[in-house]
Amino acid sequence: MFEAIAFYMFAFLTIAMFYIAVTTSQALYALTALASGMIFISAFYFILGADFLGAVQIVVYSGAVLALYAFGMMFFDTTRDIKEKQGNRYVVIGLSVLSALLVVVIFVTPLISSNITALYPIAEGVGNTQQVGMVLFTKYLVPFEVAAIMLLVAMVAGIVLAGKKMDLSLTLMSDAEIRTIKEEKTKKVLS
Amino acid sequence: MEIGLNHYLVLSTILFAIGLVGIMRRKNLLMLFFATEILLNSVNISFAAISHYYGDLTGQMFAFFVIAIAASEVAVGLGLLIVWHKRHGNIDLDLMSTMKG
């Protein structure tokens, strides 16, 4: 009973927040709606008993990813309204619902048709965080390390892409100025 | 009233559809990234639900890796977006077509 109330409340809140994030014409509204939607999604993880996943969801999504988006939005002109594609909205909604249903059917049919058994069953008497640690550092150790390297590569790429020429504004310079800077650089490399 | 796996799958489908609507409607690339986050989150919900109802931890593991991939995607994507915005002054998707197909 309690679980049902929590599920329906958070489902309604999540859908409403993501609907606002998708349809609003203000970038800041979209960002805040997305942030609250992420926090409401972590509630589902807590209901499902995946405590560590819920904590990671709050830390990574609401903390890191949305802070990064807020940081990135400072670079862009967010005060003006966002233009949207003027298409047939019924076609868009119909296609979206159809493809979403298709994806779910593709992934769920094997679950229903074959009688799958748990590969790494949830152990009794241990907390969720301990179980996650045991499975992550035994069976999924290599993917874990690969994910770590991928995050390192992403961090380096972010610094290289966004941090380059932070002191000069490439939008305010003319093309000729940018070209002279480039030529100076190539001269330096050649000499 | 018991909440089963189907409830979570229906919720995940609805959120996935909302994300797809966002991807098809938006012109602004930052808003497109928001819609991508919604898609990844809806998939994560179904992973966690299947993991819970089948008593298997593999779903949660995949959700962790999806979160890691989403974080790195945001870092690289925002870096590229900032570079584009510095050069061209806009992040509209329709103005990014250079081949005029």
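Biologist: How many residues of chain B are in contact with chain A, and how many residues of chain A are in contact with chain B?

Modeller: This is a predicted model, in which local features need pLDDT of at least 70 and side-chain atom pairs count only at pLDDT 80 or more, while totals for chains, interfaces and linings use all residues. Residues are numbered from 1 along each chain as its sequence is written, chains are lettered from A and ligands numbered from 1 in the order in which they are written, and side-chain values use heavy atoms, with hydrogens and water left out. Contact means heavy atoms within 4.5 Å, and here 71 residues of chain B touch 84 residues of chain A.

Biologist: What area do chain B and chain A bury between them?

Modeller: Buried area is the accessible area (1.4 Å probe) that two parts lose on being put together, summed over both. For chain B and chain A the value is about 7,200 Å², with 74% of it on carbon and sulfur atoms. Of the area that chain B buries against chain A, R25(B), R26(B) and K86(B) supply 11%, more than any other three residues.

Biologist: How many salt bridges are counted between chain B and chain A?

Modeller: A salt bridge is a side-chain nitrogen of Lys or Arg within 4 Å of a carboxyl oxygen of Asp or Glu, and the count between chain B and chain A is 0.

Biologist: Which helix of chain B gives the most to the side that touches chain A?

Modeller: Helices (H or I, at least four residues) are DSSP runs, numbered from the N terminus. On the side of chain B that touches chain A, α1, α2 (29-53) and α3 (58-88) of chain B each supply at least two residues, and α3(B) gives the most, with 25 residues.

Biologist: At what angle do α5 of chain A and α3(B) pack?

Modeller: Axes are lines fitted to C-alpha atoms, for helices over the stretch in contact, and angles run from 0 to 180 degrees between N-to-C directions. Helix α5 (residues 128-136) of chain A packs with α3(B) at about 80 degrees, their axes 10 Å apart. Because angles of 65 to 115 degrees count as roughly perpendicular, α5(A) and α3(B) are roughly perpendicular to each other. N128(A), V132(A), V135(A) and L136(A) of α5(A) make this contact with Q60(B), M61(B), F64(B) and F65(B) of α3(B).

Biologist: And how does α1(A) pack with α1(B)?

Modeller: Helix α1 (residues 2-23) of chain A and helix α1 (residues 5-25) of chain B pack at about 5 degrees, with axes 9 Å apart. Angles under 35 degrees count as roughly parallel, which makes α1(A) roughly parallel to α1(B).

Key: Parallel < 35°, antiparallel > 145°, perpendicular 65-115°, else oblique.
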